[in-house]
Amino acid sequence: MSSVMLEVRNLVVAFGAFHAIDDLDLTLHEHEVRFVIGPNGAGKTTLIDSITNLVRPTSGSIRFAGEELIGKSEHAIVRTGIGRTFQKPSVFDELTVLENVDIAASFRLRFRSLLKRRRGISDEVAESLDSVNLTAQRDEPAGSLSHGQKQWLEVAMVLVQRPRLLLLDEPVAGMTEKERLHTGELITQIAQQGTTVLVIEHDMDFVRRFAHKVTVMHEGKILTEGTVADVQQDETVREVYLGRPRDARGAAEALA
Amino acid sequence: MDVIFNQLFVGLSIASILLLVALGLTFTFGQMNVINMAHGEFIMAGAYTTYVLQTAFGTGLLTLSFGLALPAAFLVAGTLGLILEFLVIRRLYGRPLDTLLVTWGVGLMLQQLARDIFGAQNVSVSAPGVLNGGMEIAGVSLSYSRLFIIAIVALVVVVIASYMKRTPAGRRMRAVMQNRSLASVSGVRTRRVDRTTFFIGSGLAGVAGVGISLLGAVGPTIGLNYIIDAFLVVIVGGLGQLRGAILAAIALGMANSFIEYGTTASVAKAGVFLLIVLFLQWRPQGLVVQARRGLAS
């Protein structure tokens, strides 16, 4: 087994009396691609939010490569090598595609150089735009991109920072079949290059195709972990999905 | 024909002053949704900075002291803004009404501070020799000090626009305004961007103060004459929109100038307010619209 990358221990995130994350433990190893599934409200996005400090955990510990993340500011966490995307495609609509990536790419810039105009684009920026097929659109405002392209742009913005841990929140939601395939291949490729990836996904078809190990979350806890086949046969997983009528579609897909 | 030219110049002149006092607000109010009522007192601080430099250098070096006043007033007002942001405003982000009341109080304190330092009497700033007099074009006399204010505004607009569009720092400012969470997880130090934005916005109020000191006496309450107009320009223009603020200032200036011709200044003021009310009924979001962080969020 390769070394531990992310170690979440006894994590609790409480919003008043409601515990969005309730005493959760999670361990990710280097090069791993982990899929996290679970019904709506299971706390999947809150988990990512607390790793990137958009939500302040109530108690517990999150260690990344041995370093405690809780208490660090968002930009400090980015500098330790963690990148994320959002569930709703989040790009800077009024800026061009290139400017979007450039902002992400300049996260290590010193304050003084922020006042200098820079010409041309760096290799990393060009490379990350290329990896998501957005080179041709680089001077267009990001707001004019299609839904799927916006999600790719978000991925490009994260990739350009060369993160060691990548957190993707429903990366293929609203994508066409072709786009999904490309995204799945991209995720696999990113992992092969040495990045640990955590993917939250609802699309079971996508999970089956690209996941090795799946974690199922329910009501802020880890329900079970295992291969796609293990998880699909798990009784408690069936209960969780079938016990909630509004997730009937998810259940049907999960059990298919 | 002369009348039209004359009113056009008067309108442009009013517009330049409106824009000058409003430019800082396009940052603090427009970009950050902070209703800073002490903005008027930052203008006052800029005007007094001009006075202080003039007193220090003596009347022999008016041009030099005036030239120095522009950057000095920017720094003085900007620093006041930084202090205000650090002590008060950063605790009140997302609470516009609380900010309004608190900064109003801060404004009153600054007025009293100015009274204590400079006395309750107004002081006067003399324009440098080069700005005395004017020129006549097509029968219209254009005073140099008015032209100078127009030139300052044009210069400031160009500098701001290129800062926002061309520099990585300006892009970050726009990025934080558009999506704070995304900016922060992209590695932008959002707190530092907030401080920088507030510094620039407040500093611009200081620059406005230098321009305004040319127009009349400088007193502790000079900011009150401009603060409402400044907010109106930003609101009519569309929050956070430099282009909108420019258009709004020109429209309001021209409306003022042409209504005033043949009536009185009071009628013009009332008329412009009425037009603004009607306009905002029709287009509450202002002239130029952009997706942004909501005021209420």
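Colleague: Which helix of chain B holds both Phe279(B) and Trp282(B), and how many residues apart are they?

Modeller: In this predicted model, both residues belong to helix H11 (residues 265-282) of chain B, where they are three residues apart, about one turn of the helix.

Colleague: What makes Phe279(B) buried or exposed, and what of Trp282(B)?

Modeller: Phe279(B) has 17% relative accessibility, and because buried means under 20%, Phe279(B) counts as buried. Trp282(B), by contrast, has 64% relative accessibility, and since exposed means over 50%, Trp282(B) counts as exposed.

Colleague: Why is the pair of Tyr51(B) and Phe118(B) called edge-to-face?

Modeller: Their ring centres are 6.1 Å apart, and centres within 6.5 Å make a pair; their planes stand at 80°, and over 60 degrees counts as edge-to-face, so the pair is given that name.

Colleague: Why does Tyr51(B) count as partly exposed?

Modeller: Tyr51(B) has 23% relative accessibility, which lies between the limits of 20% and 50%, so Tyr51(B) counts as partly exposed. Phe118(B), at 26%, is likewise partly exposed.

Colleague: What makes Arg90(B) a charge over the ring of Phe86(B)?

Modeller: The charged end of Arg90(B) sits 4.2 Å from the centre of that ring, and the distance cut-off is 6 Å.

Terms used: Residues numbered from 1 in each chain as written. Chains lettered and ligands numbered in written order. Predicted model: local features only at pLDDT ≥ 70, side-chain atom pairs only at ≥ 80, totals over all residues. Heavy atoms only, no water. Phe/Tyr/Trp six-rings, centres within 6.5 Å; stacked < 30°, edge-to-face > 60°. Buried < 20%, exposed > 50% of the residue type's maximum accessible area, 1.4 Å probe, protein only. Helix = DSSP H or I, 4+ residues; strand = E, 2+ residues; numbered from the N terminus. Lys NZ or Arg CZ within 6 Å of the ring centre and 35° of its normal.
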